[in-house]
Amino acid sequence: MKSVVFDLDGTLADTSEDLIAAANACFEGLGLKKMLDPINDASVAFQGGRAMLKLGLERANSFDQAKIDKQYPILLEHYKKHIDMNTILYKGVVEALIELQKRGYLLGVCTNKPEFLAEKLLKSLGIREYFSAMLGADTLIIKKAEPLQLWTTIDWMGGDRHKAVLVGDTITDLNTAKNANLGCILVSFGPEGSGVEDMKPSALLDSYFDLPDLIDAIL
């Protein structure tokens with residue numbers, strides 16, 4: 001069967017504010033001010049917790065890899081407790097998922113977010129039921145942009161590795177799809193904005209209401 005696999009952060013939902021709040025809580029715990037801005041630093045939020053900690057500590061002239069290693073689990077714990085305070089689904093996500101299922105597509109999530117956090121967030125947002133498989137950064141011993149994570153997601157969905165497309169928001173998603181010999185749709189409303197056009201994906205997505213027809217055209 002044909003499959004549509006989604007990234008999570010910056011693709012299905014804008015999670016940047018809650019992610020940055022977790023990093024800033026770590027900085028404040030170290031006696032620093034809030035080093036990251038929820039708007040200007042949204043793109044780094046989607047690169048992961050360690051990337052946020054690294055940037056903030058560099059700005060504070062306090063970078064130390066040992067600090068990042070120590071603060072990372074603290075960041076995850078804070079984020080777990082406040083995972084959906086300000087996170088919102090992008091407009092049209094639910095409608096697109098329902099329509100894709102009606103058209104016979106299998107749906108899955110392949111994210112570099114830790115699995116337990118991805119599961120918690122998808123359930124909190126009320127969309128976990130639409131996905132027949134969900135793989136996080138720690139589900140396997142590898143993660144995106146390795147193609148095996150995407151292929152395994154498709155396998156667990158019961159799909160065909162040659163009849164799938166990945167919907168994402170970053171160069172990591174694009175490289176994952178390329179490494180798996182699959183098409184990739186990048187959203188233009190994520191952290192990179194219209195700049196994703198320069199990455200030359202299979203297609204750009206300006207609105208989730210356009211996604212079902214776009215998937216039909218690609219697959």
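## A first look around

Let's start in a loop: Asn-181 sits in the stretch between α8 and β7. Keep in mind as you look around that this is a predicted model. The protein chain is built from 9 helices and 8 strands, and buried residues account for 50% of its 219 residues.

- Asn-181 has a phi near 60°, which is a positive value in a residue other than glycine.
- With a relative accessible area of 70%, Asn-181 is exposed, because the cut-off for that label is over 50%.
- Lys-200 also has a positive phi, about 55°, although it is not a glycine.
- You'll find Lys-200 in the loop between β7 and β8 (203–205), and its relative accessibility of 67% makes it exposed.
- The peptide bond that runs from Lys-144 to Ala-145 is cis, with omega near 20°.
- Ala-145 belongs to the loop between β5 and α7.

**The overall build**

- The C-alpha trace of the protein chain spans about 55 × 30 × 30 Å along its principal axes.
- The radius of gyration of the protein chain is 17 Å, and a compact globule with 219 residues would come out near 17 Å, so the two agree.
- Take the contacts in the protein chain with a separation of 6 or more: 63% of them are between residues 24 or more positions apart.
- The accessible surface of the protein chain is about 10000 Å², and carbon and sulfur atoms hold 49% of it.
- On the charge side, the protein chain has 23 positive and 31 negative charges, and their mean positions lie 4 Å apart.

**The strands and who pairs with whom**

- β1 pairs with β4 in the parallel sense over 4 bridges, and Ser-3 stands opposite Leu-106 in β4.
- β1 is also joined to β6 by 4 bridges, again running parallel, with Val-4 opposite Val-165 in β6.
- On to β4 and β5: these strands run parallel and 3 bridges join them, and Val-109 has Met-134 in β5 as its bridge partner.
- β6 and strand β7 (residues 183–187) make a parallel pair over 4 bridges; here the bridge partner of Val-167 is Ile-185 in β7.

**Two well-covered strands**

- β4 is mostly covered, with 5 of its 5 residues buried.
- From β4, Leu-106, Gly-108 and Cys-110 point one way while Leu-107 and Val-109 point the other way, and all are buried.
- β6 is mostly covered too, with 5 of its 5 residues buried.
- Both faces of β6 are covered: one side carries Ala-164, Leu-166 and Gly-168, the other carries Val-165 and Val-167, and all of them are buried.

**Helix α7 and its surroundings**

- Helix α7 covers residues 147–157, and its buried residues are Pro-147, Gln-149, Leu-150, Thr-152, Thr-153, Ile-154 and Met-157.
- What do the buried residues of α7 pack against? They pack against the strands β1 (3–6), β4 (106–110), β5 (133–135) and β6 (164–168), and against α8 as well.
- Thr-152 lies in helix α7, and at 11% relative accessibility it counts as buried because the limit is under 20%.
- Leaving aside residues up to four places away in sequence, Thr-152 touches Leu-135 and Leu-140.

- Thr-176 is part of helix α8 (residues 171–179).
- Is Thr-176 buried or exposed? Its relative accessibility is 0%, so Thr-176 counts as buried.
- Not counting residues up to four places away in sequence, Thr-176 touches Lys-144, Ala-145, Glu-146, Pro-147, Leu-150 and Leu-166.
- Those contacts include both ends of the cis peptide bond from Lys-144 to Ala-145, and Pro-147 and Leu-150 are among the buried residues of helix α7.
- Phe-116 is located in helix α6 (residues 115–124), and at 44% relative accessibility it counts as partly exposed.
- Phe-116 and Ser-132 are 16 residues apart along the chain, and their C-alpha atoms are separated by 16 Å.

Technical notes. Residues numbered from 1 in each chain as written. Predicted model: local features only at pLDDT ≥ 70, side-chain atom pairs only at ≥ 80, totals over all residues. Heavy atoms only, no water. Buried < 20%, exposed > 50% of the residue type's maximum accessible area, 1.4 Å probe, protein only. Contact = heavy atoms within 4.5 Å. Rg over C-alpha atoms; globule rule 2.2 N^0.38 Å. Areas by Shrake-Rupley, 256 points an atom, 1.4 Å probe, with all protein chains shown as cover. Lys, Arg positive; Asp, Glu negative; His and termini not counted. Charge placed at Lys NZ, Arg CZ, Asp CG, Glu CD. Pairing = 2+ DSSP bridges.
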